[in-house]
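Notebook open, new model loaded. I'll start with confidence, then go through the fold, the overall dimensions and the helices.

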Amino acid sequence: MKINEAAAEEKAFRAGLPEQLARKREELAEARKDTTGLKAAEHSHADVRGRNCSDPRRKEALADLTAARSRWQDLTGRWPPG
């Protein structure tokens, strides 16, 4: 009896698959339509990266970071995380 019930459930599940697939494809298409937020975030990210790369204080900050990591290694015997 359990096998027959399981077979009936499987048959019903398989019968509904095309409809479920069509519905999910529509949802995906709808989600892909509105990329305004994504485009704005990508643009903002590119602007920030550009400003950071061209910042004249960057070289000094990286040198300070390297020096601080070296001091950490001298104190602990291992390179700092991150």
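Confidence first, since this is a predicted model. I get a mean pLDDT of 93 for the protein chain, with 100% of its residues at 70 or more. By element, α1 comes out lowest at a mean of 93 and α3 highest at 95.

Next, the fold. I count three helices and zero strands in the protein chain.

Then overall dimensions. I looked up the radius of gyration of the protein chain and got 28 Å, whereas a compact globule of 82 residues would be near 12 Å. Along the principal axes, the C-alpha atoms fill a box of roughly 75 × 40 × 10 Å.

How much of the chain is buried? I find 1% of the 82 residues, with under 20% relative accessible area as the cut-off.

On to α1, residues 2-33. I see 32 residues here, with 45 Å from first C-alpha to last, close to the expected 46 Å. Where does α1 kink? I put the kink at Leu17, about 40°, shortly before the proline Pro18.

Last, α3, residues 58-76. I read 19 residues and a reach of 27 Å between its first and last C-alpha, close to the 27 Å expected at 1.5 Å a residue. Just after α3 I checked the backbone and noted that Gly77 has a positive phi of about 85°.

Notes
Residues are numbered from 1 along each chain as its sequence is written. This is a predicted model: local features need pLDDT of at least 70, side-chain atom pairs count only at pLDDT 80 or more; totals for chains, interfaces and linings use all residues. Side-chain values use heavy atoms; hydrogens and water are left out. Helices (H or I, at least four residues) and strands (E, at least two) are DSSP runs, numbered from the N terminus. The expected span of a helix is 1.5 Å times one less than its number of residues. The bend at a residue is the angle between axes fitted to the seven residues ending there and the seven starting there. pLDDT is the predictor's confidence in each residue, from 0 to 100. The radius of gyration is taken over C-alpha atoms; the globule rule is 2.2 Å times the number of residues to the power 0.38. Buried means under 20% relative accessible area, exposed over 50%, partly exposed in between (1.4 Å probe, protein chains only).
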